[in-house]
Amino acid sequence: MGNKVRIERICEFCRKTFIAKTCKTRFCCKACNDKYYKELIRSDRYNAVTKEVKEEKKKRIRLAVDELEVIQAREFISLKQLAIYLGVNRKSIYTYMRIYEIPFSQIGSRIIVKRKEVEMVMMNLKSVKTMQERPIKSTKTITDFYSAKEIEEKYQISYSRLYVIAKENNIPSATLSGKRLFSMV
């Protein structure tokens with residue numbers, strides 16, 4: 001004796017209506033069931049990875065805070081620790097040492113600085129030296145452009161020769177609507 005119950009349901013994956021033969025049917029076909037399962041597995045993996053990444057970030061922040069506390073407790077610190085302390089790249093430390101004349105000591109190949117002296121130098125900074133801006137080159141606005149066809153007709157030269165001459169003499173060119181235009185200024 002077969003089940004004669006027919007229930008109209010909505011597929012959980014594709015949202016189409018279908019007639020279910022049992023009360024537990026959730027999908028209209030096996031393909032929707034497989035796609036839903038695959039999406040579920042994928043989202044579980046994604047959630048696991050994002051959770052891992054968040055935990056790793058929290059762990060790194062805790063380590064950075066701990067390292068900062070260790071740096072603040074020391075009297076002499078290395079350049080790497082100074083970079084962490086100031087929140088800059090290690091290569092920038094060399095520039096700062098040269099510009100702001102931060103005193104340092106060298107023990108063998110290792111360079112160390114006194115943390116208190118770095119703090120004093122940073123406190124005494126009155127202005128930050130800014131890079132001088134490069135002067136802006138004056139540019140001529142070019143309004144007279146000629147198409148390659150017009151130049152070929154006027155001077156009886158081929159397009160390839162025109163291209164070579166323009167390149168050799170740095171003649172400004174522009175492309176407008178797919179056509180190459182050359183300046184004759």
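Two strands are said to pair if DSSP finds at least two bridges between them. With that in mind, let us turn to this structure, which is a predicted model.

I begin with strand 7 and strand 8, the latter covering residues 179–183. These two strands pair in the antiparallel sense, over four bridges. Within this pairing, Ser-173 lies opposite Phe-182 of strand 8.

Both strands belong to an open sheet of three strands, in the order 6-8-7, with antiparallel pairing. Why is one side of strand 6 and of strand 7 left without a neighbour in the sheet? Strand 6 (145–147) and strand 7 (173–176) stand at the edges, and each has a single partner strand, so one side of each has no neighbour in the sheet. From one strand to the next, the twist averages 35°. Helix 5, residues 148–155, packs on this sheet and touches strand 6 and strand 8. The direction of helix 5 makes about 80° with that of strand 6.

Strand 3 pairs with strand 5, residues 110–114, in the antiparallel sense over three bridges. The bridge partner of Ile-77 in strand 5 is Val-113.

Let us look at one residue of strand 3, namely Ser-78. Is Ser-78 buried or exposed? Its relative accessibility is 14%, and buried means under 20%, so Ser-78 counts as buried. Leaving aside neighbours within four places in sequence, Ser-78 is in contact with Arg-110 and Ile-111.

Finally, I come to a pair of helices. Two packed helices are described by the angle between their axes and the distance between the axes. Helix 1 (residues 30–73) and helix 2 (residues 79–86) pack at an angle of about 115°, with their axes 10 Å apart. That makes helix 1 roughly perpendicular to helix 2. The crossing of helix 1 past helix 2 is left-handed.

Which residues meet here? From helix 1 come Glu-67, Leu-68, Ile-71 and Gln-72, and from helix 2 come Gln-81, Ile-84 and Tyr-85. The residues of this contact divide into four nonpolar, two polar and one charged.

Note on methods. Residues numbered from 1 in each chain as written. Predicted model: local features only at pLDDT ≥ 70, side-chain atom pairs only at ≥ 80, totals over all residues. Heavy atoms only, no water. Buried < 20%, exposed > 50% of the residue type's maximum accessible area, 1.4 Å probe, protein only. Contact = heavy atoms within 4.5 Å. Axes fitted to C-alpha atoms, helices over the stretch in contact; angles between N-to-C directions. Parallel < 35°, antiparallel > 145°, perpendicular 65-115°, else oblique. Left-handed = near helix turned anticlockwise from the far one by under 90°. Nonpolar A, V, L, I, M, F, W, Y, C, P; charged D, E, K, R; others polar.
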